[in-house]
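Subject: Structure handover

Hello,

Here is the structure I promised to pass on. Please open it first; my notes follow below.

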Amino acid sequence: MRGLLLALTAVLLAAGCSSSSHVTGPKIGAAATYHLAGFRPTAAVRPGKSIAVSFRIDQPSGAALVDYRRGPGPHTGIHLIVVRDDLSIIIHRHPKVGPNGSVRQPIVLPAPGPYRVLVDAYPNLGGPRRNFQLFATLRAAGRYIPRPLPPFATTDRVDGYTISLRGASHLKAIDPIPVSATVVDPAGRPVKFQPWYGALAHAIFFRKGSLDYFHTHVCSPNATGCTSVLGGARAVGRSSKPGKLNVVVLVPLPGTWRLFLQFQANGHVLTAPFTLHVR
């Protein structure tokens with residue numbers, strides 16, 4: 001199918017949320033081969049039109065993967081993340097897995113161009129907690145005009161909400177750096193964060209050009225299953241009061257990264273993007 005390319009090799013991780021999508025970065029855990037089977041959109045991919053993507057994951061044995069981690073915290077099931085190549089658009093879903101391992105998720109690609117589809121899977125395996133990623137591509141019809149990344153800024157405004165970062169100007173690869181985020185609503189009041197996909201906030205990182213990926217979370221003080229691991233580095237963010245998020249920036253490689261900070265407030269999921277420079 002034109003515009004559809006499957007990447008069939010996954011990196012199986014020792015623990016945590018997610019890792020670099022390229023094996024040229026730090027070596028993490030043992031490699032195992034899983035496959036995206038039957039990945040396809042249900043209709044022609046046109047901007048602004050709802051489609052569904054369907055797939056299953058086949059294990060190295062060839063059998064469908066049907067048993068995924070469950071329970072509290074965000075490190076469960078499947079995370080489906082779709083990002084446009086210029087990092088201007090992101091879609092983040094946690095689809096349900098059918099009894100036979102099948103997945104079907106409706107999505108809307110809002111603008112023309114190429115998109116990377118990332119399937120971050122958490123199988124229910126014995127031993128240390130592990131996850132892996134598989135990849136595909138989609139292309140929405142129409143002329144693709146890449147948008148340049150905006151420069152680094154400490155404040156973003158989304159739907160009237162103001163999100164401010166502190167501590168994000170000096171970042172280093174494979175070094176978990178705590179960054180504080182302050183979030184206020186359109187009236188200037190601190191936001192009361194509502195759990196979404198097992199966390200109070202999701203920090204999703206993609207590297208410009210290569211689209212390397214990592215994903216950390218912010219959880220309530222007593223929540224479990226919130227720690228992300230990259231090699232020997234561990235990252236867990238916490239939030240104990242309204243309007244304050246302790247976000248841990250942890251990425252595998254230096255370069256320019258796009259942070260998509262996502263949280264739910266007043267029943268709405270908001271995404272605040274930030275450009276980060278990592279040495």
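**Around β15**

β15 itself spans residues 201-207. Is this strand mostly covered or mostly open? Mostly covered: 6 of its 7 residues are buried.

β15 also pairs with β16, residues 213-219. Here 6 bridges hold the antiparallel pair. F206 faces Y213 of β16 across that pairing. β15 and β16 make a hairpin, with 5 residues between the strands. Look at G209 in the turn: its phi is positive, about 90 degrees.

**The three-stranded sheet**

A separate item to view is an open sheet of 3 strands, ordered β4-β5-β8, with antiparallel pairing. Its edges are β4 (35-41) and β8 (103-108), each of which pairs on one side only. Neighbouring strands are turned against each other by 25 degrees on average, ignoring direction.

Within it, β5 takes in residues 50-58 and connects to β8 through 6 bridges. V53 stands across from Q105 in β8. As background, strands of a sheet pair through backbone hydrogen bonds, parallel or antiparallel.

**T162**

T162 belongs to strand β12, residues 161-166. Why does T162 count as buried? Because its relative accessibility is 17%, and the cut-off for buried is under 20%. Which residues does T162 touch, leaving aside neighbours within four places in sequence? The contacts are T155, D156 and R157, plus T182, V183 and V184.

**Rings**

The structure has 5 aromatic pairs. There is also a charge over a ring: R116 lies over the face of F135, at 4.6 Å from the ring centre.

**Confidence**

The average pLDDT of the protein is 89, and 87% of the residues score at least 70. One stretch needs care. Over residues 1-31, pLDDT stays under 50. The model still has 108 contacts for that stretch beyond four places in sequence. Where pLDDT is low, predicted coordinates should not be read in detail.

Best regards

How values were computed: Residues are numbered from 1 along each chain as its sequence is written. This is a predicted model: local features need pLDDT of at least 70, side-chain atom pairs count only at pLDDT 80 or more; totals for chains, interfaces and linings use all residues. Side-chain values use heavy atoms; hydrogens and water are left out. Two strands pair if DSSP finds at least two bridges between them. Helices (H or I, at least four residues) and strands (E, at least two) are DSSP runs, numbered from the N terminus. Axes are lines fitted to C-alpha atoms, for helices over the stretch in contact, and angles run from 0 to 180 degrees between N-to-C directions. Rings of Phe, Tyr and Trp (its six-membered ring) pair if their centres lie within 6.5 Å; planes under 30 degrees apart count as stacked, over 60 as edge-to-face and the rest as tilted. A charge sits over a ring if NZ of Lys or CZ of Arg is within 6 Å of the ring centre and within 35 degrees of the ring normal. Buried means under 20% relative accessible area, exposed over 50%, partly exposed in between (1.4 Å probe, protein chains only). pLDDT is the predictor's confidence in each residue, from 0 to 100. Contact means heavy atoms within 4.5 Å.
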